[in-house]
Amino acid sequence: MDIEDLQTFVEVADAGGVSPAARRLGVSKSIVSRRLGRLEAELGIQLLARTTRGAALTEAGLAFRDHAATAYREIELARETISPQGDLRGRLRIAAPLSFGPTHFAGVLAQMAHRYPNLHIHTAYSDRFVDLIAEGFDCAIRLGHLPDSNLVARRVGPIRGVLVASPDYIRAHGAPQTLEEFAAHEALMQGTEAWRLMRGDEIVVVHPRGRFKADNGSALVAAALAGLGIAMLPDGLVQDHIAAGALVPIMTRHPPAEAGIYVIRPPGLHPVRKVRALTELLIECFGHAPQSARA
């Protein structure tokens with residue numbers, strides 16, 4: 001029984017169809033269909049019922065899915081155990097932020113591809129929080145302050161934010177100096193998030209209000225440049241605009257609390273070597289002393 005056939009079946013079962021599984025695996029739909037057919041022929045039973053909306057597991061497929069996933073993970077772990085220390089193979093599927101990823105993390109991933117020529121690296125850039133397990137990711141790179149979950153997180157470096165507004169906004173509305181003044185201003189947000197600001201050595205949580213929201217940092221930069229309000233953004237996204245005078249740091253007595261860059265992975269006692277290698281490379285590039293946490 002071919003290990004790739006087992007992996008493909010698990011991906012189709014979890015993704016709900018041949019097309020999304022093919023995208024996850026980075027292969028054509030015909031290859032996915034061929035592997036499924038080969039596995040069903042080997043077992044002598046139908047695992048998936050094809051429909052116009054995708055693929056549904058048969059009763060036999062439901063019974064076989066967890067066994068197939070366990071077998072695939074065990075074989076991958078066995079391969080890692082006996083492979084040379086510097087050799088990584090297979091596929092590493094990563095979720096990375098769209099706002100920061102292409103400019104700050106893509107170069108690190110390219111460096112990893114050079115370091116491990118037998119490793120296939122597939123990266124999906126999006127500012128939404130993907131479901132690692134349901135969507136078949138090995139890990140994710142996330143920024144900020146992490147919500148509680150059952151995922152495992154490792155901090156690989158700091159990230160610092162800055163509150164900014166355009167000169168036009170400041171001329172029209174003024175620049176708040178205190179947390180009390182800030183409450184009356186228009187904020188540019190990703191959602192209904194709370195902002196963690198510093199008051200001396202104390203972290204104060206504020207709940208900004210605003211009518212412009214976007215799930216992408218670059219879109220919030222554009223809104224700030226247009227004078228729509230105050231944004232709290234990673235300094236890497238706004239430092240050029242600040243240098244050009246298009247954005248102005250405000251409330252410098254109450255800067256955002258330092259956040260982190262994290263590698264998030266599904267729960268388990270030990271990360272697979274390819275996730276561990278990515279984590280160590282990110283620490284090389286961004287890290288101060290890392291720390292473990294729960295995501």
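This dialogue reads two features of a predicted model, Asp127 and strand S12.

Biologist: Where does Asp127 sit in the chain?

Modeller: Asp127 belongs to the loop that links strand S4 (119–125) with strand S5 (139–144).

Biologist: Which side chain of opposite charge is nearest to Asp127, and how far away is it?

Modeller: A salt bridge needs a side-chain nitrogen of Lys or Arg within 4 Å of a carboxyl oxygen of Asp or Glu. The nearest side chain of opposite charge is that of Arg128, 10.0 Å away. Asp127 is buried and has no salt bridge.

Biologist: What polar contact joins the side chain of Asp127 to another side chain?

Modeller: The partner is Asn216, at 2.9 Å. A polar atom of the Asp127 side chain also lies 3.0 Å from the backbone nitrogen of Leu98.

Biologist: Which residues does Asp127 touch, leaving out those up to four places away in sequence?

Modeller: Asp127 touches Pro97, Leu98 and Ser99, and also Asp215, Asn216 and Gly217.

Biologist: Now the strand. How many residues of S12 are buried?

Modeller: Four of the five residues in strand S12 (residues 230–234) are buried, so the strand is largely enclosed by the rest of the structure.

Biologist: Which strands pair with S12, and in what sense?

Modeller: Strand S7 (residues 161–165) runs antiparallel to S12, joined by four bridges. Within that pairing, Leu163 has Met232 as its bridge partner. Strand S8 (residues 187–189) pairs with S12 in the parallel sense, over two bridges. There, Leu188 has Ala231 as its bridge partner.

Definitions and conventions. Residues are numbered from 1 along each chain as its sequence is written. This is a predicted model: local features need pLDDT of at least 70, side-chain atom pairs count only at pLDDT 80 or more; totals for chains, interfaces and linings use all residues. Side-chain values use heavy atoms; hydrogens and water are left out. Buried means under 20% relative accessible area, exposed over 50%, partly exposed in between (1.4 Å probe, protein chains only). Lys and Arg count as positive and Asp and Glu as negative; His and the chain ends are not counted. A polar contact is a pair of N or O atoms within 3.5 Å; within protein, one must be able to donate a hydrogen and the other to accept it, and residues adjacent in sequence count only if both atoms are side-chain atoms. Contact means heavy atoms within 4.5 Å. Two strands pair if DSSP finds at least two bridges between them.
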